[in-house]
Amino acid sequence: MPASDAALVGSSHPSDAPPAAADGAARTCTTTVGVLALQGDVAEHLRAITAAGARPVPVRRAAELAAVDGLIIPGGESTTIWKLAAIFDLVEPLRERISAGMPVFGSCAGMIMLARRLVERASEQETFGAIDMTVRRNAFGRQADSFESDIEIHGAGGPPFRAVFIRAPWVEEVGPGVEILATEPRTGRIVAVRQGPALATAFHPELTQDNRVHTIFTDMVRELS
Ligand code: GLN
């Protein structure tokens, strides 16, 4: 797959979400997973949530955030997502739900936004600090250094996962409560972690048809919500 930013700038529309599950629908369909829909590859996450058996909802307003069981912060540009979250008055509601233990998954820019500490932090860029880790932005290089790599993900089962890295961060350091789920084999760098209800990957599982990471997350949402 060409590692293109084009996949990261498309915005989604509320009609991307399927209608609410009908009464009496199976429990697997009633778990609602939001995708922060301010910028980035929102539509791809909505698709992957559906494939993992949960109900996807784009989140742009506090009322939408209040209604989800878990939230995905997509890949894109973390500085832009933060600015838009401030403009949309979502920063405080997000902080409150994340600190209250809402299951949250960040991919790439989303991983950056979940970090407690950043290297190469842009001025005025803040994070939610849900995971006790230091993340280096653009660690694998710029756009031209985007690549794919087969990685083993703890808990995913099956064959290696084809991971797509686009201007990707890596995790430079983790605190004692953080579980390392994957490292990138060529560099040995940490690229997937979990701490309690928070999951993060430096790569973009939503850009492949392999839904195992979204299944791990939707299972977390079902267990914790
Ligand atoms: N480098 C971007 C950032 O700092 C993340 C890139 C991505 O999400 N693909 O936000």
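This is a short tour of the structure, stop by stop. The model is predicted.

**Whole chain**

Start with everything shown as a cartoon. The chain has seven helices and twelve strands. Of its 225 residues, 48% count as buried. Consider next the contacts with a separation of 6 or more: residues 24 or more positions apart account for 69% of them.

**The ligand**

Select the ligand and its surroundings. Twelve residues surround the ligand.

**Strand β1 and Gly34**

Now select residues 32–36. This is strand β1, and Gly34 lies in it. Is Gly34 buried or exposed? Gly34 is buried, because 28 other C-beta atoms lie within 10 Å, and the cut-off for buried is 20 or more.

Which residues does Gly34 touch, leaving aside those up to four places away in sequence? Pick Val57, Val59, Glu64, Leu65, Val68 and Leu71. Gly34 and Ala66 are 9.8 Å apart in space, yet 32 residues apart in sequence.

**Helix α2**

Move on to residues 42–51, helix α2. This helix is mostly covered, with seven of its ten residues buried. Colour the buried ones: Val42, Ala43, Glu44, His45, Leu46, Ala48 and Ile49. Glu44 and His45 are on that list along with Val42 and Leu46. Step just past the end of α2 to Gly53, which takes a positive phi of about 90°.

**Helix α5**

Next, select residues 91–99, helix α5. Which of its residues are buried? They are Leu94, Arg97 and Ile98. Turn the view to look down the helix axis. The buried residues of α5 fall within an arc of 95°, so they line one face of the helix.

What covers the buried residues of α5? Show residues 62–66, 78–87 and 104–107. These are α3, α4 and β4, and the cover includes them.

Finish just after α5, at Gly101. Its phi is positive, about 100°.

Methods: Residues are numbered from 1 along each chain as its sequence is written. This is a predicted model: local features need pLDDT of at least 70, side-chain atom pairs count only at pLDDT 80 or more; totals for chains, interfaces and linings use all residues. A residue is near a molecule or strand if its C-beta atom, placed from the backbone, lies within 6 Å of it. Helices (H or I, at least four residues) and strands (E, at least two) are DSSP runs, numbered from the N terminus. A residue is buried if 20 or more other C-beta atoms lie within 10 Å of its own, exposed if 12 or fewer, and partly exposed in between; C-beta atoms are placed from the backbone. Two residues are in contact if their C-beta atoms, placed from the backbone, lie within 7 Å. The arc is that of the directions from the helix axis to the C-beta atoms.
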